[in-house]
Amino acid sequence: AARRIWDRCDVYFTISGEFAPQTRRSFPITRYDQWTTRTLRDADGLFRFDPLNRPGRCLLRRLAVVDPATQRTRWSADASNGFAELKTNAGVDLKSGPDYLEIVAAHEDPQLIPAIRPDVLPARYDLVVEMLRPAE
């Protein structure tokens, strides 16, 4: 199947407390119906994760901030904490699965915003995303 513009996930970082379009970093979704782990290296500051770029659904197993110097997880949203560390915008339903979070978006801009304190973040970090995008 041909790749479409929405076959990606986006991460936005803050500038002066606002999520800024010029800070967007994306990674492509190249596999469907299987769990995939992606790492955005050299991240900096608070972030927002946009798992979809249109209405649809996906499954998230883990979103984590990892210190690249120690490989220690500094923050995570996963089944161990019931994904309680995530907030979302309107029009997005979050449903817990056995070891994942199902994200169902009714619009093209679903956003997951971590409940994270800035002092938890290393100056530079790796953002690890483990998710599954079902095939259509």
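1. Let me start with a cysteine. Cys-9 has a relative accessibility of 0%, so this residue counts as buried. Please keep in mind as you read on that the model is a predicted one.

2. What keeps Cys-9 from bonding to the closest cysteine sulfur? That sulfur belongs to Cys-58 and sits 6.6 Å away, which is too far for a bond. A disulfide would need the two sulfur atoms within 2.5 Å. Cys-58 is accordingly in no disulfide, with the sulfur of Cys-9 as its nearest cysteine sulfur. Is Cys-58 itself buried or exposed? At 1% relative accessibility, Cys-58 counts as buried. The tally of disulfides comes to zero.

3. Now for the rings, where the count is three aromatic pairs. One of them joins Trp-35 and Tyr-100, with 6.2 Å from centre to centre and 45 degrees between the planes, a tilted arrangement. This pair links distant parts of the chain, 65 residues apart: Trp-35 is in the loop between β3 (25-28) and β4 (36-43), while Tyr-100 is in the loop between β9 (92-96) and β10 (101-105). Trp-35 is partly exposed, at 26% relative accessibility, and Tyr-100 is also classed as partly exposed, at 23%.

4. A second pair brings together Phe-47 and Trp-75. Their ring centres are 6.1 Å apart and their planes meet at 80 degrees, so the geometry is edge-to-face. Because Phe-47 belongs to strand β5 (residues 47-50) and Trp-75 to strand β7 (residues 73-78), the pair ties together parts 28 residues apart in sequence. Both Phe-47 and Trp-75 are buried.

5. Arg-61 lies over the face of the Trp-35 ring, 3.9 Å from the ring centre.

6. How many cavities of 30 Å³ or more does a search of the whole structure find? The search turns up one, and the largest cavity holds about 60 Å³ of space. Its lining includes Phe-27, Pro-28, Ile-29, Met-131 and Leu-132, and also Arg-31, Arg-38 and Arg-133. The elements that contribute two or more residues to this lining are β3, β4 and β12 (125-132). Sorted by class, the lining of the largest cavity has five nonpolar, three polar and three charged residues.

How values were computed
Residues are numbered from 1 along each chain as its sequence is written. This is a predicted model: local features need pLDDT of at least 70, side-chain atom pairs count only at pLDDT 80 or more; totals for chains, interfaces and linings use all residues. Side-chain values use heavy atoms; hydrogens and water are left out. Rings of Phe, Tyr and Trp (its six-membered ring) pair if their centres lie within 6.5 Å; planes under 30 degrees apart count as stacked, over 60 as edge-to-face and the rest as tilted. Helices (H or I, at least four residues) and strands (E, at least two) are DSSP runs, numbered from the N terminus. Buried means under 20% relative accessible area, exposed over 50%, partly exposed in between (1.4 Å probe, protein chains only). A charge sits over a ring if NZ of Lys or CZ of Arg is within 6 Å of the ring centre and within 35 degrees of the ring normal. On a 1 Å grid over the protein atoms alone, a cavity is a set of points where a 1.4 Å probe fits but cannot get out, and a pocket is an open set with protein on both sides within 12 Å along at least five of seven lines; lining residues have an atom within 4 Å of a point. Grid points are joined across faces, edges and corners, and a volume is the space filled by probe spheres set on the points. Ala, Val, Leu, Ile, Met, Phe, Trp, Tyr, Cys and Pro count as nonpolar, Asp, Glu, Lys and Arg as charged, and the others, Gly among them, as polar.
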